[in-house]
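Here is a short briefing on one protein model, arranged by topic. Have a look at the sequence and structure, then read on for the details.

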Amino acid sequence: MLTGELRGKIDGVWNDFWSGGLANPLQVIEQITFLIFIKRLDEMQELEERKATTLKRPLERRIFPEGADARDEPYENLRWSRFKHFAGPEMFRIVDEHVFPFIRSLNGDGGAYARHMRDARFQIPSPQLLAKVVDKLSQIDMGDRDTKGDVYEYMLAKIASAGQNGQFRTPRHIIALMVELTQPKPEDTICDPAAGTCGFLVAAGEYLRDKHKDLFRDEKLRAHFHEKLFNGFDFDPTMLRIGAMNMALHGVENANVAYRDSLAEDHSEDAGRYSLVLANPPFAGSLDYETTAKDLQRIVKTKKTELLFLALFLRLLKTGGRAAVIVPDGVLFGSSKAHKDLRRLLVEENKLEAVVKLPSGVFRPYAGVSTAILVFTRTGVGGTDHVWFYDVQADGWSLDDKRQPLLSSEKLGPTPEAALEESEEQKNNLPDVLMRFEERGAAERERPRTAQSFCVPKADIAAAGYDLSLNRYREVEHEEVEHESPAAIIADLRRLEAEIAEGMTRLEEMVG
């Protein structure tokens, strides 16, 4: 958790950018990301230098070469620890004319993140702003992995709170729920083909660190964690840089975060490669048949991106691989042939395990679309027995545009630090989702369809045309209301009419 003091320092950096003329939050986070990377390069070389001094041997790895660059600037001046002491104009010249060309030329020498630096551009408009930001970033202690990750996550949250580009950020408690539902393992190979800021991959990494603390004692598993476990793709270079930095600051130096137009490229090399897919792909778009990968069109003939991404997930997963992905409600009940074919494929040829309906306010204020989490396993031979449905009515946050927390921080999320009281469970259903998901093969089978969660046999789903919307199977309890018989009601009406007539007669006699 970030302290109030640390949050204040980050807010100060952010406010300096805004007052200095950079108003686009995505541009701000990108420039901050560049500066953090430059600072990290210096820290990495300092670590190597200390190691060499302690062991009394030459440097094993040198990031900043000896001598000067092509424009005769000593490489020593390109290091954060050096230029941070320069006056504003001199610092600006060094960073603009020498540091950025240097990091563009690294080509992976500074870790996986450096691969995405080829088109990095310095966009801080003035020496005064650069000097302010460098000074404040130097004061933010990001010595340990948890603090680095928390600082960056807090900055990423500001992209969403600024009201622009919020679509890049899935709520972290929803990501945490999906990770808990799939329980990543150290041997997994995880993929997010619409990675954005790599939130799903980061959360999976944190889950593994927490649940499998001994994995780093195994040399093979440790190498797998850093080199092969995490795979994220995006076609936005800015997102790739931000996502790769997010992974690096969370302690994964060489995650495979790469450029790819996931729906347009052939996937023959990646087919059946991954054991776990976690994703929240873009909704409500459509592509031309000509630009869509042919291997996906063979799975489902459609132009709709939400269906193509589901086909992609099935294509990427190995047999026995599992997935938790967010889809818009239209995928669950759409009546087109492509919709029905894809749902039949999930139910009949693979193992669909759960449909978790989310409240429509989850993605506010950026979108009010209704969504659900699909949890399934690729088998290729069926396996669906019952499908478990859960209607999430509260995720711990208000469902209006403000999205304010309804409970204290220790009672939010799918695995809260403090136990929830019964009244609080109605404000945060996510722990109940996890508990009941574990019981989907046992006690949940006995729950009535009037409950918040229940199971539906495959035969019922097939009979309904593979409709996967929860309301299709929910039963509504109606309270029985007893009414008087028509004869008794008529008798009461006649009695009232007689009383009214008698009253009128008396009134006329009194007036007369």
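Strand 4 (residues 274-279) and strand 5 run parallel and are joined by 5 bridges; strands pair if DSSP finds at least two bridges between them. Helices (H or I, at least four residues) and strands (E, at least two) are DSSP runs, numbered from the N terminus. This is a predicted model, where local features need pLDDT of at least 70, side-chain atom pairs count only at pLDDT 80 or more, and totals for chains, interfaces and linings use all residues. Residues are numbered from 1 along each chain as its sequence is written, and side-chain values use heavy atoms, leaving out hydrogens and water.

**Around strand 5**
- Leu276 has Arg322 of strand 5 as its bridge partner.
- Arg322 also stands opposite Thr377 in strand 7.
- Strand 7 (residues 371-377) pairs with strand 5 in the antiparallel sense, over 7 bridges.
- Strand 5 (residues 317-328) has 9 of its 12 residues buried, so the rest of the structure largely encloses it; buried means under 20% relative accessible area, exposed over 50%, and partly exposed in between (1.4 Å probe, protein chains only).

**Glu187**
- Glu187 sits in the loop between helix 7 (172-182) and strand 1 (190-192).
- With a relative accessible area of 54%, Glu187 is exposed.

**Lys9**
- Helix 1 (residues 4-19) contains Lys9.
- Lys9 counts as partly exposed, at 28% relative accessibility.
- Lys9 and Glu206 are 197 residues apart along the chain, and their C-alpha atoms are separated by 25 Å.
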